[in-house]
Amino acid sequence: MQTELIREARRQAEICNACRYCEGYCSVFPSLHAERAFSDGDITQLANLCHNCRGCYYACQYTAPHEFDLNLPKALAEVRRDNWESFAWPQPLARRFHTHGGAIALALVIGFALLLGAIRAIGSSGDEGFYAVLSHNAMVVIFAPAFLLPLFSIAISLRHYWAKVDGEPIQMSDLMAAFKHAGKMQDLAAGHGEGCNFEDEDRFSQGRRQIHHAIMYGFLLCFASTSVATVMHYVFGMHAPYGFWSLPKVFGISGGILLTVGCGAMALLKLKSDRELGDPSAWGADIGFILLLGFVGLSGLVLYALSSTALMPALLAIHLGSVLTFFLLMPYTKMAHGFYRLAALVRDAQRKRDVFLVR
Amino acid sequence: MATQAEAYDIAVIGGGNAALCAAMTAAEAGARVLILETAPKPYRGGNSRHTRNFRCMHTGPLGPLVEEYSEDEYLSDLLKVTGGKTDEHLARLAIRTSEECLPWMEEHGVRFQPSLSGTLSLARTNAFFMGGGKSLVNAYYRTAAGLGIDVRYEAAVTHLELNGDQIEWVDFTYEGQEHRITPKAVIVASGGFQADTDWLTRAWGEPAKNFRIRGTPYNRGVVLADLLDQGIERVGDPTQCHAVAIDGRAPKFDGGIVTRLDCVPFSIVVNKNAERFYDEGEDVWPKRYAIWGRLVAAQPDQVGYVLIDAKSLNLFMPSVFPPLKANTLEELAGMMDLPADKLTATVAEFNAACGDTSGFHPTELDGVMTTGLTPPKTNWARPITEPPFYGYSLRTGVTFTYLGLKVDDAAQCSTRDGKIKNLWAAGETMAGSILGQGYLAGFGMTIGTVFGRIAGREAAAYAN
């Protein structure tokens, strides 16, 4: 890990700890105020608890031009990105995407090419619908590892994280607390529930929280769509294509719309925000990731809308290519944040539990 | 000299809490208001940027405040710290009105949070702003903009022309040009003069040069001096101020909350001759922090040195600068430039005067005291024996000065001949009307909010 990023975050955290005015905003400050000195692991944990809502920056009396020059959202964002790169596995891929939007675009093109190649090379043996273009078995052969390998990689990264932050054995209550927190995106709401300071300086707005909800729940609905379809296929022998009112379609279409609209809105919101309050070096790649995710949603919707036209095979290749790219890049792009945030919230739930026990 | 095209009913001088409360109240009453803030936008808000809470009377649970805090208890807390040097009529007005201010503040965008960790003793009396004073200031500027109030940053008021019983015009510089406006009414809310070191030195003598200014460097008392020179009624002694003992390494200006040191009750404090000079354990820190600024100011070179040992290190809030640390007292004396033999003697004498420490309790008056020592330490007196030893230097940190404009219960200013019909004052610039000496945590914001709203209401009534 980069020691100068940690050192700068520690310098700022020590000033915050002597002030404490921001205690009510989010999960970071109560956790910060519980310490008197900050190990690298403490800084790592604080960085991953931070959701970059920026409330503390605009409330801070010590931001530049003050000589203390506080910008905690930026300091923690930089540590966070460095964490994700340092914990990622395998390392040769770790630093390729977080700061390189172009690499994400290139990976997408390769994803298209792989799918087109697969369709050409494997094709189908005469099923109906999408399976007429690429057989179900071929899809499974491609996507099962493309899904499981990144999850395996993320599991390894999270183990690195857990060791760094001195995580304890996880209890059900820790998970419940973390999911509850994440489900409401409480750390994008500020303590008073009025949202964050993102698109218009110190104005509180629910914009980012609602848009993030759209993306997160849109993604989860799409994921649910695929999962339900898998169960229907293997358990109940019900094969695609499914009707409009089937669960896979209902989840998929609503999720696709939320994902597409959410990602578009998030990109616009990021354009309005001050890049210097995040990790400036990751800005382009974050936008690249958001557009990739949005493209997964959009291409899925277009594929559905035009599935009975001659464009379908090409659209299928494009959609599946983007899905493939998205999954494979999961451990090395902004997508990793969801896993780390959740881990940080689980660790924070443990901290609160320990404090409670001590008292 | 350029003139201002727009016609304003009211000019508010200053851009902190009192100014904003006045401006919003006046605008809501229909007045066209201009705020002239001398600081640039990042430093707007005066000392309010550094505040964190609002001391508030309440007859039952109110917002973040628990239980009750009655008018009489509030007043008695105030009288204790001011030694009776309080205008009781104005104090009661501020206290009584504070209760209705809290919901008003919320309506105007302020959000509160539970009492901060390390400040539990204030949970009943002081409502903490979520995010601190700067977030309050931000919220008020947003609300003010919504009310159509115009704000000029880096607009330095140089002169108010007093003619008989009214202010005729206001001169200020803005964007390199001199401007003159003729509002119907003027509200002065531009703070004390503490950032003008020359003025402070005239009042205090040479010691003032060693003082730190905890808040904004923009409160230089320009408008205050201009008005006092024209014979406006004054109040307060120029050496009286809200001053605390802060870390000697604090910046000259604007160090704010993080430079405070809360370790005095668990320490011994010596001067540059390594002699103790005051009872460090007289009372809980929130009730004593405000006297230590003056105590340190009275010592040679206006400096003090706090000493603790390892067992006390985690009993107080951390401050921004780490303490000096040494394994022996001699070594620590060397680091702090104190006479080592004298320091060890002082510590030995103190240690010998300590008695049974089994009743030690860090958060309440525990009566663990010295015997036969002058000055005594009457609580938390535990011998300084356990290495490593830690030390901080202490300097006087001035928050705001009390010499100011004398106002009545309508926040109106006057001359010897009577009221000035279109001049009101609010906030630190008139706080001396209530605070003769001493300070009560969170009371500055109470004065600013209460008198800001009164000034806004009265000025708008006059202008309309």
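## Close-up views of a two-chain predicted model

**View 1. A helical stretch of chain A.** Residues 251–271 of chain A are 100% helix and 0% strand, with end C-alpha atoms 30 Å apart; helices here are DSSP runs of H or I with at least four residues, strands are E runs of at least two, and both are numbered from the N terminus. This is a predicted model, in which local features need pLDDT of at least 70, side-chain atom pairs count only at pLDDT 80 or more, and totals for chains, interfaces and linings use all residues. Residues are numbered from 1 along each chain as its sequence is written, while chains are lettered from A and ligands numbered from 1 in the order in which they are written.

UniProt, in an unreviewed entry, lists this stretch as a "transmembrane region" of chain A, and 312–332 is among the others; such annotations may be inferred rather than shown by experiment, and their feature names are shortened and their positions given in the numbering used here.

**View 2. Confidence along chain A.** The mean pLDDT of chain A is 94, and 99% of its residues score at least 70 (pLDDT is the predictor's confidence in each residue, from 0 to 100).

**View 3. Where chain A meets chain B.** Here 25 residues of chain A and 28 residues of chain B take part in the contact, where two residues count if their C-beta atoms, placed from the backbone, lie within 7 Å. On the side of chain A that touches chain B, the largest share, five residues, comes from H1(A).

**View 4. The two domains of chain B.** Chain B splits into domain 1 (2–237 + 402–463) and domain 2 (243–397), with bounds from an automatic or database domain assignment. Their C-alpha centres lie 34 Å apart. Domain 1 of chain B gives 19 residues to the contact between them, and domain 2 of chain B gives 18 residues.

**View 5. Around B:Ile187.** Not counting residues up to four places away in sequence, B:Ile187 touches B:Ile10, B:Val12, B:Ile13, B:Ala22, B:Trp424, B:Ala426, B:Ala455, B:Gly456 and B:Ala459.
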